[in-house]
Amino acid sequence: MCGPNHVIDVHTEEEAKHKVMRMLFVTIVYGFTNSFVERNAANVNTPGFLWAAARHIRQFPLIMSLDKPLQGLTAELWPLLNLLEKSVRTVSVSQSTHLGKRKTQTPLYVLHRLLDHGVAKSLIVDMQCPNLLAWLLHGRGSLYLYPQLTNFKHTKEAGCVSAASAICCGQETRTSQEQNDQSSLRKRPKMDSVCLEDEEAGGTSHTVDPHLLCQLFTRGHGPPVGVCSLGQIETLEIRQCGSDSLRVLNSALPTFFCLRSLTVHSFSTFRNSDVLDLTRALRLLSDSSLSSLANLDISVLPHIKLILILLDASPNITSLHVEIQSAILGPTFSSYDPRSTESSTSELPLKNLTVKVSDLQTHLHSITAVLRRSPHLSLFHISGMRLTAGCSESQLLTTLSESNHFLKSLMLEDLKLSDCLPEILKLLSDCKLEELQLNDCRLLEKWTDKTESLHQLVVALKKVPSLHTLGLAQNRLAKNVCVLAELFSGCSPSSVNHLNLNSNFIQPADLLEFTNRLRTHHPQHQVTLDLRKNPGDRDPDTWNTAIEGLQQYCVVLVEGWISTSTMADHISNM
């Protein structure tokens with residue numbers, strides 16, 4: 001789907017329906033408003049619409065601090081909660097509140113219904129609240145009492161946090177044999193002692209035990225509930241993970257056997273000690289044959305060497321996504337290898353690897369070592385790498401050519417590849433790539449004969465029959481864009497059906513020349529051509545003529561450009 005000035009990341013009618021229904025549903029349930037809702041209140045703010053929309057809701061945002069709107073789901077909108085149980089696959093939790101307040105009972109109960117009674121298996125925690133995280137993870141992982149959690153008892157919110165500690169870890173230390181028996185656990189453990197005092201309510205106590213909450217809220221809405229089963233969280237994403245939240249997670253990980261995908265994000269760079277504690281918990285989980293963890297996403301790491309440590313701690317994962325930024329302050333990274341030297345060269349089953357770097361200097365060895373150990377890699381994405389003295393990006397490309405013959409998607413972004421044309425051509429000579437992104441790679445920066453070098457690249461690209469997506473955004477192609485029309489010429493034209501030329505300072509006259517060449521050798525199939533962020537307003541008539549010509553063969557994505565913004569012009573023409 002695309003609008004006149006922008007592209008919307010929606011690919012199917014069903015996906016669009018879910019997106020629109022979710023936006024309207026959430027707006028109405030929480031009592032928010034916008035111009036559309038105000039104009040159509042008689043049609044959308046009705047039980048009938050809410051019932052219809054609920055069937056299309058796949059992700060439900062639960063805002064903990066807005067308990068009053070959620071109370072409707074436990075009263076007059078009770079049937080709506082039953083529908084959400086059957087449709088919601090992902091629950092996102094935001095805006096933390098004190099578990100010691102009675103008003104948290106309503107959102108906690110809704111959470112319990114969606115996660116433990118419904119079909120939701122994906123959980124997003126978008127806030128810094130180790131107490132709530134402990135409540136959410138209770139019984140889903142290890143019940144062993146980790147000593148560091150007991151320190152929470154002495155904080156200002158002693159009642160709330162002490163309860164959270166008890167929730168997460170149970171009331172007693174378990175033996176290693178009892179931990180192994182957790183795989184047979186089918187019912188949610190009771191929280192007999194979890195009874196908090198609400199200072200605002202005069203010190204009266206209330207429960208946060210899910211089973212007791214279920215009994216409390218279901219009165220008058222049906223037969224008494226039995227023992228609540230424990231829902232399985234297969235995908236967990238923690239978007240604001242501090243050290244306290246990480247300790248809570250680490251306590252649950254060793255027997256979190258149903259967990260398939262884990263995402264841990266922090267606004268600041270993790271400390272080395274925090275990451276190493278996480279790797280120990282991951283190692284305990286991976287040592288069990290019951291572990292199902294396959295996808296790991298962590299940011300922000302303080303050092304690129306931690307990639308190898310994470311992979312050695314979780315040698316069975318097939319997808320790893322990391323972001324790296326060196327901490328400005330704090331101790332430097334010290335070597336730590338949880339396994340033997342022999343195992344550090346063992347083959348990894350990794351299929352997807354994404355590395356985003358914000359370091360001033362990057363040690364290439366850690367990346368190439370992972371690539372050599374990952375012969376089954378099918379997707380590799382790296383961005384922002386700045387190499388130390390004596391290293392070259394050509395070493396990265398050479399390693400890919402030698403070790404990763406099954407690559408289908410290669411995305412290189414914000415790298416300096418202007419000296420690497422021979423290595424790029426060699427890589428393309430024997431590959432199975434379906435997608436190649438060379439965005440902001442300064443491709444033409446040091447090419448003496450830019451036209452001839454770009455021609456060599458085009459010839460190599462045409463020899464990759466599997467290639468269907470090509471990205472060359474932010475490479476300052478400018479007038480050299482005309483050479484790319486050769487992709488579709490000759491007896492063996494390229495199979496590319498998506499070409500990204502975003503942000504290349506392509507002026508109207510250059511685009512018109514590209515269009516004219518494409519008329520002579522036009523594609524045999526429809527091509528999606530991304531021309532956004534190019535200065536079309538320099539000569540609107542010529543630009544529009546070129547676009548009209550391209551639309552015979554392409555789906556053209558464009559958006560407005562304001563040439564009066566001299567900074568935008570300067571950046572695009574650097």
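Modeller: In this predicted model, helices are DSSP runs of at least four residues and strands are runs of at least two. The protein chain has 22 helices and 17 strands.

Biologist: Why is Asp 274 called buried?

Modeller: Buried means under 20% relative accessible area. Asp 274 has a relative accessible area of 7%, and therefore counts as buried. Asp 274 is found in helix 14, which spans residues 272–286. Leaving out residues up to four places away in sequence, Asp 274 touches Ser 243 and Leu 246.

Biologist: Gln 437 lies in strand 13, residues 435–439. What makes Gln 437 count as buried?

Modeller: The cut-off is again under 20%. Gln 437 has 12% relative accessibility, so Gln 437 counts as buried.

Biologist: Which residues does Gln 437 touch, not counting residues up to four places away in sequence?

Modeller: Gln 437 touches Leu 410, Met 411 and Leu 412, as well as Thr 469 and Gly 471.

Biologist: How many of the residues of the protein chain count as buried?

Modeller: Of 574 residues, 52% count as buried. The accessible surface of the chain comes to about 26,100 Å², and carbon and sulfur atoms account for 50% of that surface.

Biologist: Which residues touch the most other members of the largest nonpolar core?

Modeller: They are Phe 60, Leu 236 and Phe 380, in a core of 159 residues. Helix 15, residues 306–313, supplies the largest share of this core, with seven residues.

Biologist: With which residues is Phe 60 in contact, leaving aside its neighbours within four places in sequence?

Modeller: The contacts of Phe 60 include Phe 25, Tyr 30, Leu 70, Leu 73, Leu 84 and Leu 114. Also among them are Val 88, Thr 90, Val 91 and Ser 92.

Biologist: Among contacts between residues at least 6 apart in sequence, what percentage join residues at least 24 apart?

Modeller: In the protein chain, 82% of such contacts do.

Technical notes: Residues are numbered from 1 along each chain as its sequence is written. This is a predicted model: local features need pLDDT of at least 70, side-chain atom pairs count only at pLDDT 80 or more; totals for chains, interfaces and linings use all residues. Side-chain values use heavy atoms; hydrogens and water are left out. Buried means under 20% relative accessible area, exposed over 50%, partly exposed in between (1.4 Å probe, protein chains only). Contact means heavy atoms within 4.5 Å. Accessible areas come from the Shrake-Rupley method with a 1.4 Å probe; for residues, only the protein chains shown count as cover. A nonpolar core is a set of buried Ala, Val, Leu, Ile, Met, Phe, Trp, Tyr and Cys residues joined through side-chain atoms within 4.5 Å.
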